[in-house]
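Hi,

Here's the structure I said I'd pass along. Have a look at it first, and my notes follow below.

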Amino acid sequence: MKFGQVEDPSQIDFTLPKDHPRTKEILKETQSKDFNISIGCAKWNKTDLKGFYPKGAKDELTYYSTQFNSIELNATFYSMPSPDQILTWKDKTPADFKFFPKIPNTVSHYRRLLNITDVVTQFATSVLNFDDKLGMVFLQLHDNFKPKDYERLEKFIQDWPKEVPLAIELRNSEWFADEEIFNKTMDLFEKHHITNIIVDTAGRRDMLHMRLTTPTAFIRYVGANADSDYTRLDEWVERLKVWKKEGLKNLYFFVHQNIEKASPLLSAHFIEEINKEFKKDIHIPVMA
């Protein structure tokens, strides 16, 4: 993922900003004793994840799911999955594996949240075939989808099928620049139990709003193929320690890279640190 890529990462201040004040309140309202953790990459394609698959690996997803407990499923962004395709993916993975499918670009980019009832219904009907393996679906809005289209977003959220858990990623900077607009939108997310996605990428530090709207942290982390990638992940562990104490229930953390072949290495480091901090036993992926 090249979103937010910069020419010289060493010039970026990667320090995580302070939490939005409402985040602590959201977590305090929940005070969950459970802590569910899903960590994965954005794809299982052998071409991108060079050096990850052992020779003779017959099926990429089958092997991937022995190394990770989840996948950010970007394939569904480009093509509507059929129920049969969902069942095929589901049957290739262990019982505790989770899928996090992206809503098709027909909804977000081409129709821009207008006249989408048919597509949303088809998508929701398909992904529900994941059953217990459905983690959460997510909507990634176009970079040029702005607050002037707030009413479209509001209607989309109001009409969204409640049985399908949903997260939303806002990309245009105007959503974050105006405090009144931002608070109004976050109130909408809270009211309808929509998880607010946090994106940590070099060139878009405004998307590190640190504003949770549910007791779920859905984080899309983009490395810069630099040494700082690892220290950035360590800082995330420290922040998650705070959120866990405050009541965080779910962590969904997906690792991207400008050059994706390094994603499993970064993920392995992050999982190892998460296991240490939270006394978990999540499998640490190995490079072939």
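**What turned up**

Let's start in a loop: Asp131 sits between helix 6 (117–127) and strand 4 (137–140). Keep in mind that this is a predicted model.

His193 is another one to click on. Its phi is near 60°, again a positive value in a residue other than glycine. You'll find His193 in the loop between helix 9 (179–191) and strand 6 (195–196). Its relative accessibility is 63%, so His193 counts as exposed, the cut-off being over 50%.

Now for the inside. The largest nonpolar core has 85 residues, and the members that touch the most others are Phe156, Ile168, Trp236 and Trp243. I followed up on Ile168: setting aside neighbours within four places in sequence, its contacts include Leu139, Leu141, Leu153, Phe156 and Ile157. Also among the contacts of Ile168 are Phe189, Ile194, Thr195, Asn196 and Ile197.

Back on the surface, which residues form a nonpolar patch? They are Tyr230, Leu265 and Met287, and together they have about 240 Å² of accessible area. Of these, I looked up Met287, which lies in the segment after helix 11 (263–278). Met287 comes out at 32% relative accessibility, so it counts as partly exposed.

Cheers

Key. Residues are numbered from 1 along each chain as its sequence is written. This is a predicted model: local features need pLDDT of at least 70, side-chain atom pairs count only at pLDDT 80 or more; totals for chains, interfaces and linings use all residues. Side-chain values use heavy atoms; hydrogens and water are left out. A nonpolar core is a set of buried Ala, Val, Leu, Ile, Met, Phe, Trp, Tyr and Cys residues joined through side-chain atoms within 4.5 Å. Buried means under 20% relative accessible area, exposed over 50%, partly exposed in between (1.4 Å probe, protein chains only). Contact means heavy atoms within 4.5 Å. Helices (H or I, at least four residues) and strands (E, at least two) are DSSP runs, numbered from the N terminus. Patches are made of residues with over 30% relative accessible area and no salt bridge: like charges are joined within 9 Å, nonpolar side chains (Val, Leu, Ile, Met, Phe, Trp, Tyr) within 5 Å. Accessible areas come from the Shrake-Rupley method with a 1.4 Å probe; for residues, only the protein chains shown count as cover. A salt bridge is a side-chain nitrogen of Lys or Arg within 4 Å of a carboxyl oxygen of Asp or Glu.
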